[in-house]
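Let's take a walk through this structure, starting with the overall chain and ending with its aromatic rings.

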Amino acid sequence: MYNYIDDDSDAYFNNSFLGTWTSYKTGKSKPCNWGLHRIPCAGDLDGGAAEFMPTEKYYEYGWKNYTP
């Protein structure tokens with residue numbers, strides 16, 4: 001069920017996932033998380049004030065061309 005309650009608040013996110021991704025090839029695991037409007041537990045990746053915005057530190061990993 002899609003939740004629109006407080007969709008105009010700064011901390012709003014929806015359809016989120018927080019878990020672990022494991023490679024079938026190597027068996028190594030990495031944190032994996034996503035969300036609509038905000039990414040849960042994004043740490044310093046999310047430098048936005050009122051909406052998700054990646055910090056410059058992550059531009060070299062493909063975030064430079066991100067547009068909200």
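Helices (H or I, at least four residues) and strands (E, at least two) are DSSP runs here, numbered from the N terminus. By that count, the protein chain has 0 helices and 2 strands. Keep in mind that this is a predicted model, where local features need pLDDT of at least 70, side-chain atom pairs count only at pLDDT 80 or more, and totals for chains, interfaces and linings use all residues. Residues are numbered from 1 along each chain as its sequence is written, and side-chain values use heavy atoms, with hydrogens and water left out.

How much of the chain is buried? Buried means under 20% relative accessible area, exposed over 50%, and partly exposed in between (1.4 Å probe, protein chains only). Of the 68 residues, 16% count as buried.

Now find Trp34, which sits in strand 2 (residues 29-36). Its relative accessibility is 47%, so Trp34 counts as partly exposed. Setting aside neighbours within four places in sequence, Trp34 is in contact (heavy atoms within 4.5 Å) with Asn15, Ser16, Phe17, Ile39 and Pro40.

On to the rings. Rings of Phe, Tyr and Trp (its six-membered ring) pair if their centres lie within 6.5 Å; planes under 30 degrees apart count as stacked, over 60 as edge-to-face and the rest as tilted. The whole structure holds 5 aromatic pairs. In one of them, the ring centres of Phe52 and Tyr66 are 5.2 Å apart with planes at 90°, so this pair is edge-to-face. Both partners lie in the segment after strand 2, 14 residues apart. Phe52 is buried at 4% relative accessibility, while Tyr66, at 31%, is partly exposed. Together with Trp63, Phe52 and Tyr66 form one aromatic cluster.
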